[in-house]
Amino acid sequence: MPDVLALVPYRLGTAGGQRTSIECWERPLREAGIRVDFATFESEALHRELHRQGRRAAKATAMAQAYWERLRLLRDVSAYDAVFVCREAALIGPEILERWLAGRRVPVIYWLDDPLFVRSPSHFNGWLNLLKCPAKIARICALADVVIVNGSPLRAFAERHASSVWVVPNLVDEAAYQPLAPLAGDPPVLGWIGSPSTAFNLDILGGPLARLAGRVPFRLHLVGAQHDRVGNVGCSWSPWSASTEVRELRRFDVGLVPLGRHPANPWKFNFKLAQYMALGIPPVATPVGSNPELVEHGVTGLLAEGPHDWVRHLEELSVNQERRQEMGAAAARFAAGRFTVAANAERIVAAFRSAMEAGPGHQRARGSRVSR
């Protein structure tokens, strides 16, 4: 049975991008005879410190210890048939560890699910952000034998640097994400799920929601962002938790995917869109990043170019329950064939096998472009 060492940045079960990629890929890989050993960069101490404000000395100490442990782990990887790097081998610094791996007799599989090559501020750890080295992402793509990305925007980036690029979206657990008969919201709930770091995207909805409130009744609910209003429109909110995520989403009648002006947004695969669609919640989305590719306007959701569109589309779905149900059902059918583990199992296994069968450095040496 081939053995793969998976270098992941965060503790298992704690980070959305990691949970919806390699952590859920482990099952189809195991069923195909490929065993995955996980090695996290983030220790308990580092996880605790990174979620606190200040405490620079404690953070620096925990980060240095985590880096040292990673170095110790990678002294000898010859026992593995491949090494999988999730996002980056270390949370700080240039691609030293990735270059070391590329020089060993082991294929490197690289997963990129976010535009880490775009520098973004950190609310808690702004000073650590200076050590992120976003330019290293292009170099890691060039070093890897296989690069796996989550959507077309990042594929366009990876293909500039990598020889073999595969596309696998972030995936939902089909056992949990089953569409149910929608509840008749009275008034309907317009919902958004995300994190504090992406809540700035809600700013573009302040004006449209205020106008909508003067036309039709609705409730606004946020998951993962501690806001009591968007613009002048009041809302409720709930903290994000993996254990309550699906239950919270089932409260939504309409899913919101607003994207403001930010250099990272055009590269984004918005996982919240996959979540809404898998649960049969019709989305309204800004046509940026992968959204225009995934939303068939008027069939599986609606695309809002500007404030007028947001008001018009949200009013349509707020007052027309039959339209919501019809669009939600179409979205769920699309999601079942696109965003589930079952729908992507063969591609995941094929990507890993392609790296192991070709051997280390094969794609880099050959210099051809293979994109799937």
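Which residues of helix 15 are buried? Before selecting them, note that this is a predicted model, in which local features need pLDDT of at least 70, side-chain atom pairs count only at pLDDT 80 or more, and totals for chains, interfaces and linings use all residues. Residues are numbered from 1 along each chain as its sequence is written, and side-chain values use heavy atoms, with hydrogens and water left out.

**Helix 15**

The buried residues of helix 15 are Val341, Asn344, Ile348, Val349, Ala351, Phe352, Ala355 and Met356, buried meaning under 20% relative accessible area with a 1.4 Å probe and protein chains only. Their cover includes strand 1 (3-8), helix 2 (22-31) and strand 4. The end C-alpha atoms of helix 15 are 25 Å apart, which agrees with the 26 Å that its 18 residues should span at 1.5 Å a residue, the expected span being 1.5 Å times one less than the number of residues.

**Tryptophan 111**

Tryptophan 111 counts as buried because its relative accessibility is 0%. With residues up to four places away in sequence not counted, tryptophan 111 touches, among others, Trp25, Phe84, Arg87, Ile148 and Asn170, contact meaning heavy atoms within 4.5 Å. Arginine 87 is 24 residues from tryptophan 111 in sequence, yet the C-alpha to C-alpha separation is 5.6 Å.

**The nonpolar cores**

Now select Leu190, Leu209, Leu220 and Leu314, which touch the most other members of the 49-residue largest nonpolar core; such a core is a set of buried Ala, Val, Leu, Ile, Met, Phe, Trp, Tyr and Cys residues joined through side-chain atoms within 4.5 Å. Helix 11 (residues 271-278) gives the most to this core, with 6 residues. A second, separate core of 39 residues includes Leu74, Val77, Phe117 and Val149. Returning to leucine 220, its contacts beyond four places in sequence include Leu190, Leu209, Val230 and Leu256.

**Helix 13**

Finally, select residues 307-319, where the buried residues of helix 13 include Trp310, Val311, Leu314 and Leu317. Among the elements that cover the buried residues of helix 13 are strand 7 (189-193), helix 9 (206-213) and helix 14 (321-336).

Definitions and conventions. Buried < 20%, exposed > 50% of the residue type's maximum accessible area, 1.4 Å probe, protein only. Helix = DSSP H or I, 4+ residues; strand = E, 2+ residues; numbered from the N terminus.
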